[in-house]
Amino acid sequence: MNSSQTRPRRLLLCLDGVPYDLMIQARERGLFDKFHAPSRLLSPFPTMTNIALSAMLGASVPLGYETIYFDRKARALRGGVGKYVGRRTPDKVPSTYMDQLDYQEPLPFEFLVYIAPETIWRADMRRFHERFQTAPRDRDYFAFLKGTDGLLHIRGAERLNVALASLDGLLRRIQAWCGSETEMVMFSDHGMSLQPNMRVNLQEHLRRCGFQFAKSLSEVGDRQVVLPTFGLIGFAALYCARGGESQLAEALVPLEGIDFALYHQDASAINVKGARGSARIHRLEHDDGSVHYRYEMLSGDPLQLAAVLSDLRRKELLTTSGYAPAAIWSERTAAHIYPDALANLYTSMMTTRVCHPADVLVSLLDGYYYGWSAFEYVVNLVATHGNAMRASSSAFLMSTHREFPAYVLADNAHALLRG
Ligand SMILES: [Zn+2]
């Protein structure tokens with residue numbers, strides 16, 4: 001792990017939930033001017049910390065999209081608040097990326113950060129600074145500051161900007177203390193949509209459509225649905241009996257706030273069903289390991305990719321069967337309303353992102369959330385993340401010593417962070 005003989009020591013600092021656009025604006029105000037320009041770091045869908053950091057740090061795949069998840073083998077709901085508030089024992093560690101952290105907030109703060117974010121942020125920054133000063137100076141140091149996510153969720157961008165200004169001051173002191181032998185690398189795990197939020201009435205709607213909610217799936221109940229519910233976030237993962245996926249997706253699409261629903265077609269394709277129409281994402285892997293994607297519009301254009309598609313066709317970048325290399329799609333859509341949609345949405349349904357992927361995975365529109373209603377009594381949500389749109393998908397990555405490309409895929413971040 002220690003590569004300090006061949007490159008400068010690194011201070012890695014992850015700011016939970018700070019979107020690319022807010023970092024660009026902070027730099028326009030003169031903050032973090034010792035860093036090179038930030039690149040757009042594409043956070044995987046659903047845009048949540050555990051999914052993002054396990055991909056960005058090449059760590060083990062989390063069990064579910066959230067702390068409560070559906071176990072496909074046991075066919076039952078697992079996890080929950082007990083897991084969240086209890087002690088950080090190995091069975092509660094969501095992914096091995098946590099083993100890489102030299103500093104993260106003490107466990108009781110994980111909840112408090114959504115109630116008293118300013119206090120937590122100040123305490124967290126002070127503690128990180130103290131720990132960093134006493135850490136061995138011949139190896140990298142990796143700190144994860146979670147206060148920024150809480151600040152954005154319940155206070156909004158202005159209060160985050162105050163926090164960023166204080167962080168800028170701290171990093172200047174640290175840099176003066178360490179000198180240029182230490183490279184600072186700062187990044188975020190996911191972005192955030194800074195809009196007032198409305199709750200999507202998923203359960204009521206599905207009940208009206210004749211579905212029943214269950215904690216486990218019996219093989220026979222084809223109108224039974226399991227819906228793990230936790231944070232107030234921009235996606236929902238649903239589990240149903242085999243063969244019931246398209247019916248469930250069909251029922252979800254007319255509900256206000258739903259952008260689209262994803263479900264499997266076959267071993268190499270997933271369906272996208274939304275208010276703007278239906279499409280299929282096909283994946284093809286060649287013998288040399290190269291991956292290609294195809295966007296097949298069945299009716300309408302749910303991912304708003306028609307213009308990109310015809311441009312690829314005009315430039316003769318599509319094969320006769322309509323495929324283009326994954327890298328071409330990424331390059332053309334890194335700043336699209338759905339960044340890198342084909343690979344991003346396809347992988348969200350695979351075990352390479354979570355151990356127990358959903359049968360139907362729903363992305364909400366910006367301005368909408370779904371979650372556990374008990375949280376709503378405690379927090380007043382002014383921003384959230386989780387969906388596949390640009391604001392939530394665009395994290396940032398920047399360094400004092402290196403210039404990074406305009407965009408970086410989450411799966412490629414590991415080499416830049418730890419290589
Ligand atoms: Zn969050």
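**Exercise 1. The zinc site**

Task: In this predicted model, work out which residues coordinate the zinc ion and at what distances.

Solution. Step 1: list the donors. The zinc ion is held by Asp149 (OD), Asp149 (OD), His153 (NE2) and His385 (NE2), at 2.1 to 2.5 Å.

Step 1: His153 belongs to helix H6 (residues 147-154), while His385 sits in the loop between helix H13 (373-378) and helix H14 (390-393). The two histidines are 232 residues apart, and the pair links distant parts of the chain.

Step 2: classify the geometry. The 4 donor atoms subtend angles of 55 to 151 degrees at the zinc ion, so the arrangement is irregular.

Step 3: check the accessibility of the histidines. The cut-off for buried is under 20% relative accessible area. His153 has 5% and is therefore buried; His385 has 4% and is therefore buried.

**Exercise 2. The second largest pocket**

Task: Describe the second largest pocket by its volume, and state which elements and domains supply its lining.

Solution. Step 1: take the volume, which is about 450 Å³.

Step 1: look at the lining. There are 24 lining residues, and Ala343, Thr347, Arg353, Leu409 and Asp411 are those nearest the centre of the pocket.

Step 2: sort the lining by type. It comprises 12 nonpolar, 8 polar and 4 charged residues.

Step 3: assign the lining to elements. At least two residues come from each of strand E15 (291-300), helix H11 (326-333) and helix H12 (341-348). H12 gives the most, with 4 residues.

Step 4: assign the lining to domains. Domain 1 (9-60 + 95-194 + 387-418) and domain 2 (198-376) each contribute at least three residues.

**Exercise 3. Backbone exceptions**

Task: Two residues have a positive phi without being glycine: Glu316 and Asp340. Is each one buried or exposed?

Solution. Step 1: take Glu316. Its phi is about 55 degrees, and the residue lies in the loop between helix H10 (306-314) and strand E16 (324-325). Its relative accessible area is 70%, so Glu316 is exposed.

Step 1: take Asp340. Its phi is about 45 degrees, and the residue lies in the loop between H11 and H12. Its relative accessibility is 8%, so Asp340 counts as buried.

**Exercise 4. A peptide bond**

Solution. Step 1: read omega, which is near -10 degrees; the bond is cis.

Step 1: locate Pro46, which is in the loop between strand E2 (39-42) and helix H2 (49-56).

Notes:
Residues numbered from 1 in each chain as written. Predicted model: local features only at pLDDT ≥ 70, side-chain atom pairs only at ≥ 80, totals over all residues. Heavy atoms only, no water. Donors = N, O, S within 2.8 Å, 3.2 Å for Na, K, Ca; no water. Tetrahedral: all angles 85-135°; square planar, octahedral: opposite > 155°, others 65-115°. Buried < 20%, exposed > 50% of the residue type's maximum accessible area, 1.4 Å probe, protein only. 1 Å grid on protein atoms, 1.4 Å probe; cavity = no way out; pocket = protein on both sides within 12 Å on 5 of 7 lines; lining within 4 Å. Points joined across faces, edges and corners; volume = space filled by probe spheres on them. Nonpolar A, V, L, I, M, F, W, Y, C, P; charged D, E, K, R; others polar. Domains from an automatic or database assignment.
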